[in-house]
Amino acid sequence: MSDTQESWIDTEIHERLASEDAGVRRIALLDLADLDDDNSTSWFLQALRNDPAEEVRREAARLLVAWEDGTVVEGLCRALTDAGASVREAAAQSLSELKE
């Protein structure tokens, strides 16, 4: 993939991450995960901490299992106190899979 194509994909995904539609943001996270880019963890962590939609925060927690580093573990631990039960469950599941 050329740098131009990669830049366009990044821009397009980042625009969808800012969408008003929670479903669009959730799918954008899935697309971002497909890129398998270590630099994308900040986008997942931001969604996990700040997205108003529980479904988006849950998806971020679920997808973060792919990256085992201190900031990811810290973010998932914080998500254990999320207001949404499904987010807490997804964070706990991801943390348990990181430990395996």
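View 1. Of the 100 residues of the protein, 37% count as buried, where buried means under 20% relative accessible area, exposed over 50% and partly exposed in between, with a 1.4 Å probe and protein chains only. This is a predicted model, in which local features need pLDDT of at least 70 and side-chain atom pairs count only at pLDDT 80 or more, while totals for chains, interfaces and linings use all residues. Residues are numbered from 1 along each chain as its sequence is written, and side-chain values use heavy atoms, with hydrogens and water left out.

View 2. The C-alpha trace spans about 40 × 30 × 15 Å along its principal axes. The radius of gyration of the protein is 13 Å, which agrees with the value near 13 Å for a compact globule of 100 residues; it is taken over C-alpha atoms, and the globule rule is 2.2 Å times the number of residues to the power 0.38. The mean positions of the 10 positive and 23 negative charges are 8 Å apart, with Lys and Arg counted as positive, Asp and Glu as negative, and His and the chain ends not counted; each charge is placed at NZ of Lys, CZ of Arg, CG of Asp or CD of Glu.

**View 3. The aromatic pair of Phe 44 and Trp 67.** The structure holds 1 aromatic pair, a pair being rings of Phe, Tyr or Trp (its six-membered ring) with centres within 6.5 Å, called stacked for planes under 30 degrees apart, edge-to-face over 60 and tilted for the rest. The ring centres of Phe 44 and Trp 67 lie 5.1 Å apart with the planes at 35°, so the pair is tilted. It links distant parts of the chain, since Phe 44 belongs to helix 3 (residues 41–50) and Trp 67 to the loop between helix 4 (54–63) and helix 5 (70–79), 23 residues apart. Phe 44 is buried at 0% relative accessibility, and Trp 67 is buried at 6%.

**View 4. Helix 4 around Ala 61.** The buried residues of helix 4 are Val 56, Arg 57, Glu 59, Ala 60, Ala 61 and Leu 63, and their cover includes helix 2, helix 3, helix 5 and helix 6. Ala 61, in helix 4, is buried at 0% relative accessibility. Leaving aside residues up to four places away in sequence, Ala 61 touches Leu 48, Leu 76, Val 87, Ala 90, Ala 91 and Ser 94, a contact meaning heavy atoms within 4.5 Å. Ala 61 and Ser 94 are 33 residues apart in sequence, with their C-alpha atoms 6.8 Å apart in space.

View 5. Asp 82 sits in the loop between helix 5 and helix 6 (85–99) and is buried, with a relative accessible area of 13%. Beyond residues up to four places away in sequence, Asp 82 touches Leu 48, Arg 57, Val 87 and Arg 88. Asp 36, in the loop between helix 2 (22–34) and helix 3, is exposed at 59% and has a positive phi of about 50° although it is not a glycine.

Methods
Helix = DSSP H or I, 4+ residues; strand = E, 2+ residues; numbered from the N terminus.
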